[in-house]
Each structure stands twice: as C-alpha cells, then as structure tokens.
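Subject: Structure handover

Hello,

My notes follow below it.

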Amino acid sequence: MASMSSLILPPYLTKLSFKPQSNQHLLQFLQPSLPKNLTLSSRPRKLRLFVAAEEQTATVASPSSEAARRLYVGNIPRNLKNDELTKIVEEHGAVEKAEVMYDKYSGRSRRFAFVTMKTVEDANAAIEKLNGTQIGGREIKVNITEKPLAQVDLSLLQAEDSQFIDSPHKVYVGNLAKTVTSETLKKFFSEKGKVMSAKVSRVPGSSKSGGFGFVSFSSDEEVEAAINSFNNAMLEGEEIRVNKA
C-alpha cells in the first residue's frame, strides 16, 4: 500500500476509503494539512475521506447569455425559409441560428421566427436596422425575446387586467401573435359589433403574452356573430381561433 505522503487525489475523486492501522492517529496527522473543502470522518475499522461539495449557486443570465442574444422576428411572409431569413439578418450581424416556426398540424409557417445572434452587440444592431422594415411587403417586428422583469412595470399590466369587464357572454381567442395587446384585440373585434371589454392573458409575473385572450359581449347573439366573423381570421400575421369561453 502506498504511503499517505505519496497519495494524490484526482480532481474527480469525491470519496477515498482505506483501512489504516490507527484511524485516530491518521485523522490527527491529515486534518491540519487538508484544504478547507476536505473533511475527515472516522468509523469502526474504516476511515473515509470526503471532498465537501462546493456550494452551487444559480446561474444568473449574463448579457452574453442566449436569452440576451435571441431575437423574435414577427409578421414574416409564410414562404420565408430559415436560410433566407439568415441571409437577411446576417447583413447586420453574425447569426448563430435562425428558425422559422411552423404549425405542427398544418405544416404552415406561423409567420414568426427566432434568430440567435453571436453577440449582444449583433442582436442590438439587428433590432435597430430591421425592426419596422419590410420583407415581402410585410412590416416585420424585431425585438429581444426575453426582457428582465425589472424593466417591466407590472403595476400597469395589473391595472389593465383589473379593467376587464367580465360577462357570461364572451369568447376565447387563441393563437394570438405575441405583439397583440388588449387594445388591439378590442379594436379588431369592434369592427363587427359592440365589444364590452377585451384582454390578452399574460405569463404570470411578466409582460409576455400567453398567446390567448378573451373578449366579452352583452349577448349570446353578439358572441355567435363574433365567432362566425373572426374564427380563422388573420390578426397580425396569425390565424386566430375563436370559440365560446
């Protein structure tokens, strides 16, 4: 057996077991010279050397994290492909990945995509140069997919939700584009009738749209008219679903 003075612990070692002749004597010999993250414990007939686990802390998203480099590109033409989108965006910065989103049932483009840039600087440049420009005759929207909650005034969103007038006569509106607001939804449905109220549901604790909302009316007749007029209609590049809530 090798002497303790010649014993080298590999970096991955978390437990070393051996049987010395005198546990207590070895404990007294080893402990003063061990690093702080090593502890010794003794049991009958066996001595175990444990490497204390380093305290792990949650990784905080840094400015260079993928969330800070990932762009949402909305209202794109249905025929736009990944490689075509990459060529357009990389004129303003290095692109790591571009992915057009498709409906899993119909296989049709959902008219939005996500583009991950190489750096935060590339992402900011792409937003500045591309947001509000046109691709195939459509004005696209480009922004960062995730924003820190500190930049969002949640009190305004809560106030907006509290203003919603509920009613037994209302419709559920699904597959909403991320850019649709409660005001947009109300104006859209008001084109065919009188709307009491409308709201877009949001991911709890954030300003991010949940992709669906509700519109309330004063009668069942108005509900039926809204379903007949707007189910499968296009709103900001998305084919919405409308049915009774």
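Helix α3 (residues 82–89) lies across β4 (70–74), β5 and β6, and runs at about 135 degrees to β5. Helix α4 (residues 120–130) lies across β4, β6 and β9, at about 155 degrees to β9. Axes are lines fitted to C-alpha atoms, for helices over the stretch in contact, and angles run from 0 to 180 degrees between N-to-C directions. Helices (H or I, at least four residues) and strands (E, at least two) are DSSP runs, numbered from the N terminus.

Before you go on: this is a predicted model, where local features need pLDDT of at least 70 and side-chain atom pairs count only at pLDDT 80 or more, while totals for chains, interfaces and linings use all residues. Residues are numbered from 1 along each chain as its sequence is written, and side-chain values use heavy atoms, with hydrogens and water left out.

The sheet

It is open, with 4 strands in the order β5-β6-β4-β9 and antiparallel pairing. Two strands pair if DSSP finds at least two bridges between them. β5 (95–102) and β9 (141–144) stand at the edges with a single partner strand each, so one side of each has no neighbour in the sheet. The twist averages 20 degrees from one strand to the next. Antiparallel β5 and β6 (residues 109–117) are joined by 6 bridges.

T116

T116 lies in strand β6. K97 stands opposite T116. Is T116 buried or exposed? T116 is buried, at a relative accessible area of 2%; buried means under 20%, exposed over 50%, partly exposed in between (1.4 Å probe, protein chains only). Beyond its neighbours within four places in sequence, T116 is in contact (heavy atoms within 4.5 Å) with E66, R69, R70, V95, E96 and K97.

Rings

The whole structure holds 9 aromatic pairs. Rings of Phe, Tyr and Trp (its six-membered ring) pair if their centres lie within 6.5 Å; planes under 30 degrees apart count as stacked, over 60 as edge-to-face, the rest as tilted.

- F188 and F189: centres 5.8 Å apart, planes at 75 degrees, so edge-to-face. Both F188 and F189 are buried.
- F189 and F230: centres 4.6 Å apart, planes at 50 degrees, so tilted. F189 lies in helix α6 (residues 182–190) and F230 in helix α7 (residues 220–230), so the pair ties together parts 41 residues apart in sequence.
- Y72, F112 and F114 are linked into a cluster by ring pairs.

Charges over rings

R70 lies over the face of F114, at 4.1 Å from the ring centre. K170 lies over the face of F214, at 5.5 Å. The criterion is NZ of Lys or CZ of Arg within 6 Å of the ring centre and within 35 degrees of the ring normal.

Best wishes
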